[in-house]
Amino acid sequence: MKHFRLSFHQLDKSKQGLSVYLDYFYVGIMMIGKLLRHCRARPASWCALIVKGKLDLVTYPILLIESRTYNDLNQYPVFPWILTNYESEELDLSQPSNYRDLSKPIGALNPSRRAYFEERYNTWEHESTPPFHYGTHYSTAAFVLNWLVRIEPMTTMFLALQGGKFDHPNRLFSSIAMSWKNCQRDTSDVKELIPELFFLPEMLVNSSGFRLGIPESPSGDVILPPWASSAEEFVRINRMALESEFVSCQLHQWIDLIFGYKQRGPEAVRATNVFYYLTYEGGVRLDQITEPVTRAAIEDQIRSFGQTPAQLLSEPHPPRASTMHLAPLMFAAAPDDVCLRLKLPSNAAVVHVSANTYPQLTMPAVVTVSAARAFAAHRWAGGGCAHAPHGPHAPRHQTDHNHHPHHPLLMDPVWAAGGAQALARRQLGDNFSQRVRARSNCFVTTVDSRFLIAAGFWDNSFRVFSTETAKIVQIIFGHYGVVTCVCRSECNITSDCYIASGSEDCTVLLWHWSARHGGIVGEGETPAPRVTLTGHDAPINGVLVSAELGLVISSSVNGPVLIHTTFGEVLRALSAPDGVCSPQQLALSREGVVVVAYARGHLAAFTLNGRRLRHETHNDNFQCLVLSRCGEYLVCGGDAGVVEVWRAFTLAPLYAFPPAGAPVCSLALSHDQKFLLAGLENGSLVVFHIDFNRWHHEYQQRY
């Protein structure tokens, strides 16, 4: 049998799959809908989560707009304008004057315009039509299509609405600053924003080259504020503003206007927030209208001029708790950087660390694997490290790693007991291929730490081990070459997940891990891959899979980095910077930023659409990368033995921890993002204190 392999080094951009707008940016939002239906959540429970600070300010409005739908442009999700400064060269997010007053509707921010609308309401004399402040709406089908005119299929829908041609350039969405000004001075423009302005920079770029006829922007791109150097930068800063403390403490007031008790009735009148009566749910009974012409006119009015969301809350929404109350330690003196140094009995390099520290687990643990293929399951105690006295007069128990009451990590009891049996009870075997160097991505654990999956066996398999007995639970075959790397998708304690495996045969296989069966399953009795991903022409050396985004990202020796869907379609290749090859490490944030570490200290950040955001070089050869849960921070370590923190978007270095004393081979973050664990080449495990919130406030920059 002959095998043919397709290479995507020179993948045509026009053939790299559908627009990301349809492929995977919406996957994260749709996942929320699935989650709500699964959990049967209600607005009251969402409200409690946001008040406690357990929901971010991007997710919460999306939860509220579950009463809205992406399938109806008249009921499209709505987000508020956040910023007011779109003209300065720099934007200081610590200045309240740069933020909008969210206690007022968009039409009432300008005092003179508010007076005009209130006069209209108070002098209204039409008997059959109730009085209103605004004859137009903050969200209509035309507004949505205008925002998204540069992205298919919205472009085609916009042309259909406009009779086959683009609207007059003065009426097209062409400038962020101009759109804001129109919302403040035009009595027929009270539109709010759409969610895409907080996560989809592609909507601001005319990548398809449509002839929009905008004199100020011949390229057709949206004119950005001076403080934003790119569409990605604008979206990132706009999202940062949404997540700021200024917005956090007043977003509940905007929710009252759009979804809550100020949407209708006397409170809406006092807030200057009354719209045309046909925009409200239940504003008219169509089944009682028998005249066809009248009914058609009313239906057209409802269809074309916007619809107010269903009223979800009848009482004032409680304010979100202050960050000071939620995380008081971030304002206290910082603890020592190094919390704990744990020397394992084996001197082999600690090439893999998994931090499965969720308190809901029966036994929270940190699993390490050495270059000698011996693993350890250390018990996670959590808490923090007390500032113990040092020196010869320190109490003896304070130097005992296994009994110190303040150490978050207790050594694997098997290793602690020592003896010849320790290695035997924690050894993964000796039948590994000599061609595969043990690295962090050769191993992966399940969330509950019960199973360890290892790659690199000479018989082209990867194997599932029990961490309790070190016995083989499953041997999985599917590749025609030695398996070089494995990973799993994000999941909770009880859910299934994807397992992805990469091989010397240049393919990536996607498998289904069943939490109930405790192993990889297929349609029949024998486990079989869900999909085979092709496109590489060299051995795979890195792979990531995200069930939430529906994506698999893989790299091969000497490149390229490819992005596939979990259904098997190749979307695009990420072009390496000039003169750079050999991707070594991959990291992916939930917001869609891909960070690739190349050989000789090259680091590059990409969007999922393939746009390279930044390229930096470093004097270290990176061996491991890990992103914070928020996706804002990148932690990396390498041959220099120094763990560093960078901003993921700009690749700007923020902080360097004290030298670890040996090259850093592996990194992991605890579930609460308070501890960073580093595996070293000399067989040690170092636990650092880390506080991303503190860095967010202390390294606040002007943009």
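Hi everyone, let's start at Asn-441, which sits in the loop that runs between α16 (420-425) and β6 (443-445); helices here are DSSP runs of H or I with at least four residues, strands are E runs of at least two, and both are numbered from the N terminus. Before going on, please note that this is a predicted model, where local features need pLDDT of at least 70, side-chain atom pairs count only at pLDDT 80 or more, and totals for chains, interfaces and linings use all residues. Residues are numbered from 1 along each chain as its sequence is written, and side-chain values use heavy atoms, with hydrogens and water left out.

Is Asn-441 buried or exposed? Asn-441 counts as buried because its relative accessibility is 15%; buried means under 20% relative accessible area, exposed over 50%, and partly exposed in between, with a 1.4 Å probe and protein chains only. Its side chain reaches the backbone oxygen of Asn-541 at 3.0 Å.

Now to helix α8, residues 176-185. Its buried residues are Ile-176, Ala-177, Ser-179, Trp-180, Cys-183 and Gln-184. Seen down the helix axis, they fall within an arc of 165°, so they line one face of α8; the arc is taken from the directions between the axis and the C-beta atoms. What do they pack against? The partners are α5 (111-122), α6 (141-147) and α9 (231-242).

Finally, Phe-234. Leaving aside neighbours within four places in sequence, Phe-234 is in contact (heavy atoms within 4.5 Å) with residues including Tyr-86, Ile-176, Leu-197 and Trp-227.

Technical notes:
A polar contact is a pair of N or O atoms within 3.5 Å; within protein, one must be able to donate a hydrogen and the other to accept it, and residues adjacent in sequence count only if both atoms are side-chain atoms.
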